There are 2 protein chains.
Amino acid sequence: MRPESRATGQKAASFIEEARRAQIIECAVETFAELGFVATSLARIAERAGISKGVISYHFAGKAELMDQIVEQVYREIAGFVLLRMEGETTATGALRANIRAVAVYMRDHPTHLLALGEIFKNVRTADGKRRYGTAFNEPVYEARAEMFRQGQRSGELRSFDARVMAITVQAAIDEMFAYWVTYPEHDLEAHADELADLFEHATRAEHPGGTADR
Amino acid sequence: MRPESRATGQKAASFIEEARRAQIIECAVETFAELGFVATSLARIAERAGISKGVISYHFAGKAELMDQIVEQVYREIAGFVLLRMEGETTATGALRANIRAVAVYMRDHPTHLLALGEIFKNVRTADGKRRYGTAFNEPVYEARAEMFRQGQRSGELRSFDARVMAITVQAAIDEMFAYWVTYPEHDLEAHADELADLFEHATRAEHPGGTADR
DNA sequence: CTACTTTCTGGCCATGCGGCCAGAAAGCAG
DNA sequence: CTGCTTTCTGGCCGCATGGCCAGAAAGTAG
């Protein structure tokens, strides 16, 4: 007998099981990225993986769990990648530049992961019609970046502004850079990232650097 | 006999016909805004309008034409509203501020229209899997704003930067302001808009105002 | 009134969906 | 080999979808 639900089971999964789960997740990511949320069905994912549709049901409790796994995995992957490349930055401006550049590098190397994440984020809803992964899911990112700005303001490196709005806007700028690049692949992603770093440096830095917060 | 396709017909439509079409479009907008693209079916739209599903088929060639009409109508509405409120602005900075504020006012007054537009934009794809209304649909907006920036750079009002990246980023910042406000309705939209205007003023203005382009 | 057009209803259709399962196949332990 | 577990296939189910249509209803002109 198959376990009541291997997907939610606690037992150590076999090598084969883990490999299959990883393969299915990867194929699902590609399908979401290529066809979009609406056109991505379990049948299409199975087709891309070269397996029967039932295999997905065997390894995952359902489509919802599959998407949960994608979100969790990709999110962790990005966070690790970006945070690693921000280490050692001491100034807020430097940290922000490293942040933007790191995300741009990740975009270039794993565009499908980000596309799939976006499709799932924007379309999955709970039974009551509300977003499953809302803007609220970005809270940690917003708050971390806002805190970075506030620290820069306290040290006098940055001018006075609403740290939260700035944090939100940085994320928006990064996301749109990705969307634009996906539409126009010949667009220079690295140049765009540097331009964004300049943009926000001008937007945030104190008018008379060296002093404390300017007003 | 019903006309071969009233939806695409050229004849002057009757009052009743126009009223029905308008009602259906409005109900469709509300449904897209409230339930999202995935959960919006012709049946649900008809239910909200209190009519039979067949009425939609009678007045529109299909779901695709309905969505086309929504996009066209809302797009025209926004463009007219915003452009009207930018008239008379002579400086790039002033025009940008007026632009951002106007969009914020429109958001406050017609959130469902913008939500529906977003749902349709992000999810409708053609048969070959490509976006029907892609980032390319924003081209006119991007280009107009970029040209505004270039003019400001020529006059020495603005510093040197990539006008296109700046135009894209402004749009992203505005869109995210809306998304954030929808998630947190108590968020102060007007203050956010003013904060954005300040942000981009700092990001774009020349370091030594009064001269010509700075480098 | 009748004759005709416009508008609407209710239901049918083929399609594709996610979920599920009986049993085949494969792998493994004795 | 046999017996057991894990993994997979192929197909079936109920359901919702967009599109479609026959005919009813409402409106209008003569």
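This is a predicted model: local features need pLDDT of at least 70, side-chain atom pairs count only at pLDDT 80 or more; totals for chains, interfaces and linings use all residues.
1. Fold of chain A. Of its 215 residues, 47% count as buried. Among the contacts in chain A with a separation of 6 or more, 64% are between residues 24 or more positions apart.

2. Helix packing between the chains. Helix α9 of chain A, residues 189–204, packs against helix α8 of chain B, residues 163–183. The angle between them is about 70 degrees, and their axes are 10 Å apart. Angles of 65 to 115 degrees count as roughly perpendicular, and α9(A) and α8(B) are therefore described as roughly perpendicular to each other. On the α9(A) side the contact is made by H192(A), E195(A), L196(A) and L199(A); on the α8(B) side, by V165(B), M166(B), I168(B) and T169(B). By class, these residues divide into five nonpolar, two polar and one charged.

3. L196(A). L196(A) lies in helix α9 of chain A and counts as buried because its relative accessibility is 0%. Not counting residues up to four places away in sequence, L196(A) touches I100(A), A173(A), I174(A) and M177(A) in chain A, and V165(B) and T169(B) in chain B. The C-alpha atoms of L196(A) and R97(A) are separated by 8.3 Å, although these residues are 99 residues apart along the chain.

4. The largest nonpolar core. In soluble globular proteins, nonpolar side chains tend to be buried together. Here the largest nonpolar core has 120 residues. Which residues touch the most other members of this core? They are F149(A), F200(A), F149(B) and F200(B). Leaving aside neighbours within four places in sequence, F200(A) is in contact with L96(A), I100(A), M166(A), T169(A), V170(A) and A173(A), and with L199(B) of chain B. I100(A) and A173(A) are in contact with F200(A) and are also touched by L196(A).

5. Helix packing within chain B. Helices α5(B) and α7(B), the latter spanning residues 139–154, have axes that come within 9 Å and cross at roughly 155 degrees. Angles over 145 degrees count as roughly antiparallel, and α5(B) and α7(B) are therefore roughly antiparallel to each other. The contact is made by A92(B), A95(B), L96(B) and N99(B) of α5(B), together with R145(B), M148(B), F149(B) and G152(B) of α7(B). These residues divide into five nonpolar, two polar and one charged. F149(B), listed in this contact, is also one of the core residues named in point 4.

6. N99(B). Is N99(B) buried or exposed? N99(B) is buried, with a relative accessible area of 7%. Its place is in helix α5 of chain B, residues 92–109. Apart from neighbours within four places in sequence, N99(B) is in contact with V82(B), M86(B), R145(B) and I174(B). R145(B) belongs to α7(B) in the helix contact of point 5. The C-alpha atoms of N99(B) and F81(B), 18 residues apart along the chain, are separated by 9.9 Å.

7. Salt bridges. Side chains of opposite charge can pair when their charged atoms come close. Over all chains, a search of the whole structure finds 34 salt bridges. In chain A, the side chains of R154(A) and E147(A) meet in one, at 3.0 Å from N to O. R154(A) counts as exposed at 56% relative accessibility, whereas E147(A) is partly exposed at 34%. In chain B, R154(B) and E147(B) form a salt bridge, with an N to O distance of 3.0 Å. R154(B) is exposed, with a relative accessible area of 56%, and E147(B) counts as partly exposed at 32%. In chain A, salt bridges that share partners join E139(A), E143(A), E147(A), R150(A), R154(A) and R164(A) into one network.

8. A further pair in chain B. E143(B) and R150(B) also meet through their side chains in a salt bridge, at 3.2 Å from N to O. E143(B) is partly exposed, with a relative accessible area of 32%. R150(B) is partly exposed as well, with a relative accessible area of 26%.

Technical notes: Residues are numbered from 1 along each chain as its sequence is written. Chains are lettered from A and ligands numbered from 1 in the order in which they are written. Side-chain values use heavy atoms; hydrogens and water are left out. Axes are lines fitted to C-alpha atoms, for helices over the stretch in contact, and angles run from 0 to 180 degrees between N-to-C directions. Helices (H or I, at least four residues) and strands (E, at least two) are DSSP runs, numbered from the N terminus. Angles under 35 degrees count as roughly parallel, over 145 as roughly antiparallel, 65 to 115 as roughly perpendicular and the rest as oblique. Contact means heavy atoms within 4.5 Å. Ala, Val, Leu, Ile, Met, Phe, Trp, Tyr, Cys and Pro count as nonpolar, Asp, Glu, Lys and Arg as charged, and the others, Gly among them, as polar. A salt bridge is a side-chain nitrogen of Lys or Arg within 4 Å of a carboxyl oxygen of Asp or Glu. Buried means under 20% relative accessible area, exposed over 50%, partly exposed in between (1.4 Å probe, protein chains only). A nonpolar core is a set of buried Ala, Val, Leu, Ile, Met, Phe, Trp, Tyr and Cys residues joined through side-chain atoms within 4.5 Å.
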